[in-house]
Amino acid sequence: MKILVLKSSGNKQGSSNMLADAFIQGAKENGHEITEFDVFRADIRPCRGCSACGMSGPCVQKDDYERKLKGLIKEADMLCFVMPVYYYNWPAQLKTVIDRFYSFTTELTAMHKKVVLLTVAWDNTDTVFSVVEAFYHRICEYMQFEDCGMVLGGGCGTPSMTKSRGFVEKAYALGKAI
Ligand SMILES: Cc1cc2nc3c(=O)[nH]c(=O)nc-3n(C[C@H](O)[C@H](O)[C@H](O)COP(=O)(O)O)c2cc1C
């Protein structure tokens, strides 16, 4: 299976990417083909809402999304969303990727992609991931994605905190289980 890993943190060696690396290791050991794409470092502009695409046509913005990422998303069997929690929600970098589904929503919905979510937050409370999870499930439903699992790393505020929390191992296990 082709898995596209969408990293979104500014911290290359940060906590969310630690989960991504472990997931990738597990998935590679199972023979899956991995492509990594760093959303944070790409030129991806917000959807302008101009509707020139008509939800199924080229986007007027000729950035890294239109030139490269859209094609990678179409080719992938699975999308792996990797993100730090920002203000109890998805970071803008990754939310922008989702907003830009707009120009190929119909086509993408019909593809029934598999998806996983790897996320970290500083807090370790019952509610820290509630909005993140709700949005993920809603997007799975709307886009007809198949949810193949989540790792919700609470108490992962820094890489050293993350090392001792057991979520790196959980991300590896999720990759192995794919
Ligand atoms: C702008 C910003 C907003 C944040 N909002 C939250 C939050 O709402 N809840 C929380 O627990 N942690 C929050 N954090 C902490 C990060 O989620 C946490 O430090 C995470 O480990 C960073 O992941 P990274 O190393 O992959 O960048 C925030 C951090 C930043 C920079």
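Predicted model: local features only at pLDDT ≥ 70, side-chain atom pairs only at ≥ 80, totals over all residues.
**Exercise 1. Find the largest pocket and work out what kinds of residues line it.**

Step 1: Start with the idea behind the search. Rolling a probe the size of a water molecule over the atoms shows where empty space is left.

Step 2: Look at the volume, which is about 180 Å³ for the largest pocket.

Step 3: Go to the middle of the pocket. Of its 15 lining residues, Asn11, Pro84, Val120, Cys156 and Gly157 lie nearest the centre.

Step 4: Sort the lining by class. You get eight nonpolar and seven polar residues, and no charged ones.

**Exercise 2. Describe how the protein surrounds the ligand.**

Step 1: Pick out the neighbours. There are 17 residues around the ligand, and the closest are Ser9, Asn11, Ser16, Asp123 and Cys156.

Step 2: Class that shell: ten residues are nonpolar, six are polar and one is charged.

Step 3: Ser16 puts a polar side-chain atom 2.6 Å from a ligand oxygen. Val85 uses a backbone N or O atom instead, 2.8 Å from an oxygen of the ligand. With Tyr87, a backbone N or O atom sits 2.8 Å from a ligand nitrogen.

Step 4: Check how much of the ligand gets covered. On its own the ligand exposes 650 Å², and the protein buries 77% of that.

**Exercise 3. Say how many cavities of 30 Å³ or more the structure holds, and describe the largest cavity.**

Step 1: Count them: there is one cavity of 30 Å³ or more.

Step 2: Read off the volume of the largest cavity, about 110 Å³.

Step 3: The lining has 15 residues, with Cys47, Arg48, Cys53, Cys59 and Tyr102 nearest the centre.

**Exercise 4. Explain where Glu66 and Lys70 sit relative to each other in helix H2.**

Step 1: Side chains of opposite charge can pair when their charged atoms come close.

Step 2: Search the whole structure, and twelve salt bridges turn up.

Step 3: Now use the helix. Glu66 and Lys70 are four residues apart in helix H2 (residues 64-75), so about one helical turn separates them.

How values were computed: Residues numbered from 1 in each chain as written. Heavy atoms only, no water. 1 Å grid on protein atoms, 1.4 Å probe; cavity = no way out; pocket = protein on both sides within 12 Å on 5 of 7 lines; lining within 4 Å. Points joined across faces, edges and corners; volume = space filled by probe spheres on them. Nonpolar A, V, L, I, M, F, W, Y, C, P; charged D, E, K, R; others polar. Near = heavy atom within 4 Å. Polar contact = N/O pair within 3.5 Å; in protein donor to acceptor, adjacent residues only side chain to side chain. Areas by Shrake-Rupley, 256 points an atom, 1.4 Å probe, with all protein chains shown as cover. Salt bridge = Lys/Arg side-chain N within 4 Å of Asp/Glu carboxyl O. Helix = DSSP H or I, 4+ residues; strand = E, 2+ residues; numbered from the N terminus.
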